[in-house]
Amino acid sequence: MLIKNFAFFWIGNDTSVPNLLVRSIKLVYGEDAVIYYLTDNETPLIEGVTKTIRDNLPKGMMLARLKAYSNLQSSEYVVFLDADSLIINKFYLQENASDKILIVGRKREGYIIDHNYPEIYPEFRNKTQEEMMPILFGIIVTKNSNTFFSELLKLLKNEFPERYHRWYGDQMSLVYYWANNQDLFLEIPLDSYFYITRSKINSNELYDLRMKKIPIVTFKGPESKAFIIDTLKHLQDVI
């Protein structure tokens, strides 16, 4: 099944990063994609999106993200993804999805979380990312997103300390909900749908990823914007 609906969250005056995401979707899908831009009442418009959904969002970034996600109402599958991503292939859903919430598990890399940054999280002491946050929030594919993300928002408000409203709350509320409702979820293979990098991707690497049918690349690290710009240039050459 071909998925054509995408949603991303962004707030702030500089919208250059999500602009690049939108351009990549347009390169791959042309005018067939439906792109939802979820934001507050002040962030500038982004050219090329299908629909902008605004709201007076909470101050905590994690609360704001979940509230913005919950504002999207759709009975069709929507890919929710980080704005610092590019779409490099069309997104095809595996046949056994069966109305599940599709998630991707984190790779087991043994990375120990810094429990003192950006605030003190004593429960993270000597814990790896995959122990505490085994599910990636950067790619979630779901129908009825309003109901699902409203549940995560309620959990974050009621079950977690206030520091999670600012950091980690999106991932932790997802893990909490997943652990108690596993029958609602289907884990899709990371290596088939999602590629995470801390560097730019050259034309040969991009060609290989496209040949593997991977639809989403997400960039991490302080230089991610420059890497996205370079990779998008290469994507224009290989499509």
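So, H1 and H9 are roughly parallel to each other, because angles under 35 degrees count that way. The axes of helix H1 (residues 16-29) and H9 come within 10 Å and cross at roughly 20°; axes here are lines fitted to C-alpha atoms over the stretch in contact, with angles running from 0 to 180 degrees between N-to-C directions. Helices are DSSP runs (H or I, at least four residues) and strands are E runs of at least two, numbered from the N terminus.

This is a predicted model, where local features need pLDDT of at least 70 and side-chain atom pairs pLDDT 80 or more, while totals for chains, interfaces and linings use all residues. Residues are numbered from 1 along each chain, and side-chain values use heavy atoms, without hydrogens or water.

Who touches whom? On H1, the contact (heavy atoms within 4.5 Å) includes Val17, Leu20 and Leu27, and on H9 it includes Ile228, Ile229 and Leu232.

H9 (224-238) also turns up in the next bit: along with H2 (61-70) and H6 (169-180), among others, it supplies at least two residues of the lining of the largest pocket. A pocket is an open set of points on a 1 Å grid where a 1.4 Å probe fits, with protein on both sides within 12 Å along at least five of seven lines; lining residues have an atom within 4 Å of a point. This one holds about 1,700 Å³ of space. Of its 43 lining residues, the closest to the centre are Asp82, Asp84, Gln171, Arg198 and Lys220.

And the second largest pocket? About 160 Å³, with helix H4 (residues 145-159) giving the most to its lining, three residues.

Definitions and conventions:
Points joined across faces, edges and corners; volume = space filled by probe spheres on them. Parallel < 35°, antiparallel > 145°, perpendicular 65-115°, else oblique.
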